[in-house]
Amino acid sequence: MGKKAHSKAMKWAAVGSVLAAATVITTVAVAQEVLPRPEPPFRGKIGRTTKDSKPDFPKEVRASQGAPNILLIMTDDVGFSAASTFGGPIPTPTLDRLAAHGLRFTQFNTCALCSPTRAALLTGRNHHTCATGLVMETGTGYPGYNTLMPKSCGSLGEVLRQNGYNTSWFGKNHNVPDWQGSQAGPFDLWPAGLGFEYFYGFIGGDTDQWHPALVENTRPVLSPPYYKDHTYILDRDLADRAIAWMREQHALAPDKPFFAYYVPGSTHAPIHAPKEWIAKFKGQFGQGWDKLREATIERQKKLGLIPTDTKLTPRPESIPAWDTLDADHKRLYARMMEVYAAALAHCDYQIGRVIDAVEQMGELDNTIIIYIQGDNGASSEGTLQGLLNEMTFWNGIPEDFNEVLRRMDDLGGPLTYNHYPVGWAHALDTPFQWVKQIASHFGGTRNGMVISWPERIKDKGGIRSQFHHVIDIVPTLMEATGLKFPTRLNGVKQKPLEGVSMMYTFDHSGAPSRHRTQYFEIIGNRGIYHDGWMASTTPLALNWVPGPEPNPDDFKWELYHVTKDFSQADNLAARYPAKLKELKALFDREAWKYNVYPIQTSMLERFDTAIRPSLTRGRSEFTYSPGMVRIPEGAAPDIKNKSFRLTAEVEIPEGGAQGMLVTQGGRFSGYGLYLLDDRPVFHYNLAGVARYQVAGSDKLLAGKHTIVLHFKYDGGGIGKGGLATLTVDGQQAAAGRIERTLPFRISLDETLDIGEDTGTPVCEDYAEKMPFKFTGSLKQVVIDIGQEKLSSEDMRAVEEARNLYETARQ
């Protein structure tokens, strides 16, 4: 080659090198901005045979060397002042231990309700941006409220998974739209569709901790451990599962970081705890809720958690003073609080086991542990009296106080579905006003949080008072892992993260808060924080006080300078009207920006099922085969307030048969059609307050039979009775009155099952035979429902009850 040609070739080679470098740089940039990453080019050589070829195996995505593990923990319905870590009366040594080696955040806020907080936590966006303005059962046709979290709000799990993390989710998931919770799917908003490679827990707002409706990945667990282990409780199971998953992941891929999202539901009603844990708190709450608040605020001041001049806000007039109660009420209510304390302490203990496992693997120093104590303020849905069985409340059936008192020792055990009175909820939000659902005030939104990361946090035991919000968790973890949230995820352009990272606080305790503005809204209760000031609407509807639904424009606004008034005790609205006007205008701008409008305080409109997709609308006949189980109420035929017919086609073998044919609900309310001692039985459980049974006297002979239960509804309103007639092969076997029926809800967590009973027994007669699978041959079960029309007044009562049910079960 001549000099000129050689010089020209060298120039082109240089240009080629520059272009190649530019290509590499562009690829890296794309890889940071777009997930999944583009397929890498083949850099080997391909000949006719392998002898004249050079392989180049595609490299898997790997997390950066030394990338931290992440353990994200959030409990359910725990107020700011419940845990000892934040001055509360309930010992939480695991949270205490993390705080001693990490940081406590005293001005961390949630969304005041379950589903909204959880959507914001997993995406780093405000709950209305995530279409989760309320809860999954209340979707309306507006962008901020349809419950269909948009693909433009990608999840933390998906981003970490595509950056080389193993991902898992244990516990509660209440972010699946109501009509998508059955085995019909779709599953893109279940954990598997949000980037979580493994899920073990339950779908919905609550579950029986002794007999949970378990799901693994997308399938119901059909042989739950509690059938064999009568000491089973969900918190222990979740810890066992999380520990096993982490250990296996670490053993198989020790260099691969993990992300575990651990969200137990045990401190949400029903409040269950082992008997020996309840005994630990005997006699500790006899002083009552008023004295507890006084003692708590003093502990908070001594611990340096709140300013020494913080005022204790007054108890609402609608909550009785403890000293006005008689001895029996005090004794019962103290017991209810003992049960709650045991549930939280036991939950914290099981979380401690999970953290111990991380330490035993040698991963504690390089694991970011974020432990959020509660997804909202303490729950007030236990009413003024507390509850033995929540199903009575949701069906408008009053509980007799003397009966609750008589069964006081059963509280917290497998025979109750219990909750505590609102007085304790208010006390567990000390020093603030109000409770869960009241998003306008810190009693609904303020939750204690601890972050531990021994390798990075040096101010061990430090307290941080910067204002922050649950949408700040994702940005914090992005900065901590050195990752950037993609602008495009799985082909969808992403909305920007709306929170800010909290990592600046790790080394600078006195740094001004970088989260300067935050709106709040749940069911018309509104608030706006900006640079140390807070404007809050005055609540007009309380779930423990019956009353009409307010108009959005009827709310008055309060004003607080929370930099100087930690507890929102001094309303400055009259003194600074211009400031209040400024903040109200800011709320308006934020509301338009984040899909908060239209404000809707009417739950009747939200609970109109006609406005949402449905699997049952327009159908009056439903045919099921044996083995079709765990069908949630939202996907099952609605037999309430109408006539219905259950038809089972069976074949009885020689020697007889027994077992469940069809059931919905269980121990706390529901119905079942089954064979016991070869005789057909229909049992109707009116929330444990009354039970009705229609049973045949003759045993069924071997051969094929058609068993029919026909219920003829009396009509004339909701929850009325009717005549139940049981026939076998067209001949009447028995008949009897069912004087009252469940008007609003059959179960909070149990399901429709065919050919067996997957939850608790609807009748204790077969409790020892669970799951009570039918031992004959069951061809099919057909459910026919009547078309009775309710009056407008009855429909309003139904919708109001749905309002209470759905908002309270979060």
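Predicted model: local features only at pLDDT ≥ 70, side-chain atom pairs only at ≥ 80, totals over all residues.
1. Residues are numbered from 1 along each chain as its sequence is written, and side-chain values use heavy atoms, with hydrogens and water left out.

2. Take a look at the open sheet: five strands, in the order 25-24-23-22-29, with antiparallel pairing. Strands here are DSSP runs (E, at least two residues), numbered from the N terminus, and two of them pair if DSSP finds at least two bridges between them. Strand 25 (690-695) and strand 29 (752-754) sit at the edges with a single partner strand each, so one side of each has no neighbour in the sheet. From one strand to the next, the twist averages 10°, using lines fitted to C-alpha atoms as axes, with angles from 0 to 180 degrees between N-to-C directions.

3. Strand 22 (residues 659-666) pairs with strand 29 in the antiparallel sense, over three bridges. Across from glutamine 664 you'll find leucine 752 of strand 29.

4. How many disulfides does the rule give? A disulfide is a pair of cysteine sulfur atoms within 2.5 Å, and the count comes to zero. For cysteine 111, the nearest cysteine sulfur is that of cysteine 130, 8.9 Å away. The sulfur of cysteine 153 has its closest cysteine sulfur in cysteine 130 at 4.2 Å, which is too far for a bond.

5. Are these cysteines buried or exposed? Buried means under 20% relative accessible area, exposed over 50%, and partly exposed in between (1.4 Å probe, protein chains only). Cysteine 111 counts as buried, at 2% relative accessibility, and cysteine 153 counts as buried at 2%.

Terms used: Helix = DSSP H or I, 4+ residues; strand = E, 2+ residues; numbered from the N terminus.
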